Amino acid sequence: MSTAQSISKLDSIKSLYNETTNDSLKITLEIELSRALHKNQHDEEQEYAYAESAVERALQYKDTLLYARALDNHGLLYRFHQHYEEGLGLHIKAFDLIKNKNVKPYYKMRFSNNAGVAARYLQKYAMSVLYFMKALKIADKENDLRNISISCNGIGNALINISGREDEALLYFERALETEKTRDNSLGMAINYLSISDYYISKEKYNTARNYLDKLVVLNKKSGNDFGLALTYQSMGLAYLKECKDLGKSKSYFNNALGRFKILNDRHRQSDILLNLANIELKLNNTKQAEGYFLESLALAKELGQNDLASANSMSLSQIFENRNNYKKSLYYYKQSKAFEDSIKITDQNIKIEALTRQYNLEKKENQIQLLEKDKALRITAMENQKQLSERRKVTLLLLIVAFVMLLIVFLLQYRNYRTKKKTTAQIQKTEKEIMNAIYERNLAQAEILVTRLQVNPHFLFNSLNAIMYLIQSKQNLSAIKYLKIFSRYTRMVLETSTQHVISLQEELKLSSYYLMLEENRFEEGFMYEIKGDDCLEVQDAVIPPLLLQPFIENAIWHGLLPSTSDNKLLLIEIVPDSENLQIIIEDNGVGRNNNVKKSVKKPHKSMGMQIIQERVELYNQSSSDKINIEIVDKTDKDGQPAGTKVIINLLRDKH
């Protein structure tokens with residue numbers, strides 16, 4: 001259908017919608033309008049507006065099937081915009097509403113299949129198989145070949161992602177293919193040829209995969225399916241790229257597909273193919289050509305709002321410029337990649353909040369309608385009782401009085417129930433609000449802790465940069481380059497690890513060693529440091545919050561060793577396995593904590609993150625089955641004089 005025809009159809013639906021007064025037809029037209037807008041105009045706000053209106057109108061209309069259809073349509077829009085969690089909930093609710101109702105089996109299969117698709121995109125593969133199986137059971141009973149094929153293909157695509165069940169996936173793909181051959185449906189056959197080829201690519205059976213893709217080329221050419229042909233050539237390119245034997249062929253197929261998608265104006269797939277072409281050029285060591293493809297893919301991804309693809313391109317460009325020692329551009333693209341990642345997270349959070357709000361409002365309306373139905377039933381009952389009373393005029397006065405008293409009691413009981421429900425509802429709303437506020441405050445506190453721990457000591461940064469400048473000015477270029485590499489690796493590790501809840505102890509020790517190499521420059525001579533036990537097996541499995549060790553190392557250097565007049569200033573970091581637990585010991589032979597406080601005239605140096613160490617440890621202990629506790633020991637010599645400080649960090653493993 002051409003664009004003009006699609007717009008004409010959209011206008012005719014709008015015209016019919018504005019003219020009709022039939023509620024049932026209005027609901028159906030709102031569902032069609034939301035889908036037509038998505039297909040032709042991509043007006044997300046209007047799409048959701050019509051979809052939500054259909055849900056509310058169907059709820060008021062009290063037609064279970066129409067309400068389920070409206071919910072399922074709303075879920076599809078969420079899915080089309082890649083908000084699969086919200087879509088999954090609506091598909092499941094739609095299916096649950098009608099699974100035991102006497103409605104057309106088509107709707108049960110449709111809603112269950114849609115739930116299976118959404119679950120698969122969320123990587124909930126077991127749930128995906130469950131809902132596709134529900135649809136397949138109905139399709140087999142009805143001998144519905146179309147839905148048999150859809151369900152089998154869906155089950156195959158879920159099973160292929162479950163370890164140990166990949167071979168079962170092939171059986172379902174082949175059944176779906178045979179079903180589509182029986183239907184003589186070229187589009188259905190093409191979909192399953194593509195799925196089977198993907199299966200063999202995942203199994204690294206590239207020749208078999210290409211045999212199916214060759215059949216798919218013939219099928220698409222015969223049916224004149226340009227889009228399908230472009231997809232097939234894209235898969236051909238991917239097969240050669242993963243096989244990594246003939247990258248020239250891979251490049252040729254990708255370029256063929258790219259040209260076709262440009263004609264079809266499918267910019268999303270153009271962006272994907274450009275990323276693949278860039279990766280091919282990297283494998284061929286053509287970094288300049290790779291850079292061009294990455295930039296072109298990045299530009300398209302930005303225009304289309306594909307933040308995940310934009311992030312991937314930016315990270316690859318950062319790596320290219322880092323390899324060229326162009327650290328300024330490398331850092332720029334690295335930050336840009338992280339910004340796109342943050343944008344994805346913020347967008348997902350906003351969508352989830354909006355979805356929760358919509359769900360709350362919908363459930364509130366459902367409850368209100370249920371209450372109205374109950375009130376209506378009570379009014380009908382009262383009217384019938386009144387009619388019966390009027391027909392019994394010959395009943396004695398005593399019976400009338402008894403009947404009146406009984407009605408009064410019923411009324412009072414209903415009124416009391418109404419007041420109780422109203423009070424309970426208000427209390428529930430108040431409790432929910434308090435819970436939401438508590439969650440918000442907790443998340444805000446966690447965010448503040450995260451921001452604080454990302455603040456690297458500015459004095460340390462300036463000292464490091466001044467050291468680099470000194471080495472350059474004194475023409476110690478090799479030393480300057482070495483120092484700069486250590487400094488860049490250190491700052492990059494800080495950026496990469498600071499957003500993680502935990503990192504491996506190996507990474508933390510590596511970060512600490514970089515820091516010590518940089519700080520070593522502060523001492524003209526006499527400073528030594530040693531890291532012992534970092535090669536023991538227990539270190540490989542241990543995890544801790546990022547940047548946990550550095551505040552203690554920083555204090556040992558600044559407040560312990562730097563003020564010391566000793567000729568041999570030693571900092572020791574030792575990893576000591578203790579049964580299933582682990583000790584990290586940070587020890588110095590400096591002036592000690594108490595002595596440092598007495599002698600210091602200036603304001604103490606504010607070390608990085610020390611003011612929130614306790615909060616971070618408490619947060620880790622609350623959220624993890626493993627625990628951390630910290631001991632600080634003031635060392636003394638044989639005369640009782642301060643002889644340094646020892647920090648013992650105990651990592652206590654959960655034994656259950």
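1. The buried residues of α9 are Ala-169, Leu-170, Tyr-172, Phe-173, Ala-176, Leu-177, Thr-179 and Glu-180; buried means under 20% relative accessible area, exposed over 50%, and partly exposed in between, with a 1.4 Å probe and protein chains only. Among the elements that cover these residues are α7, α8 (145-159) and α10 (186-202), contact being heavy atoms within 4.5 Å. Helices (H or I, at least four residues) and strands (E, at least two) are DSSP runs numbered from the N terminus.

2. The model is a predicted one, in which local features need pLDDT of at least 70 and side-chain atom pairs count only at pLDDT 80 or more, while totals for chains, interfaces and linings use all residues. Residues are numbered from 1 along each chain as its sequence is written, and side-chain values use heavy atoms, with hydrogens and water left out.

3. Helix α9 (residues 166-183) has 18 residues and spans 26 Å from its first C-alpha to its last, close to the expected 26 Å; the expected span is 1.5 Å times one less than the number of residues. Just after α9, Asp-184 adopts a positive phi of about 55 degrees.

4. Two further positive phi values deserve attention. Most residues other than glycine have a negative phi. Gln-123 has phi near 65 degrees, sits in the loop between α6 (105-121) and α7 (125-142), and is exposed, with a relative accessible area of 57%. Lys-475 has phi near 60 degrees, lies in the loop between α19 and α20, and is exposed at 71% relative accessibility.

5. The largest nonpolar core has 45 residues, and Leu-505, Ile-553, Leu-571, Ile-649 and Leu-651 have the most contacts inside it. Such a core is a set of buried Ala, Val, Leu, Ile, Met, Phe, Trp, Tyr and Cys residues joined through side-chain atoms within 4.5 Å. Elements giving two or more residues to this core include α19 (458-473), α20 (477-497), α23, β4 and β7. Apart from this core lies another of 37 residues, including Val-129, Leu-159, Ala-209 and Leu-219.

6. Leaving aside neighbours within four places in sequence, the contacts of Leu-571 include Phe-527, Ile-553, Ile-557 and Ile-586. Ser-464, in helix α19, is buried at 0% relative accessibility. Not counting residues up to four places away in sequence, Ser-464 touches Tyr-483, Phe-487 and Leu-518.

7. The structure holds zero disulfides, a disulfide being a pair of cysteine sulfur atoms within 2.5 Å. Cys-152 is buried at 0% relative accessibility, whereas Cys-244 is partly exposed at 42%.
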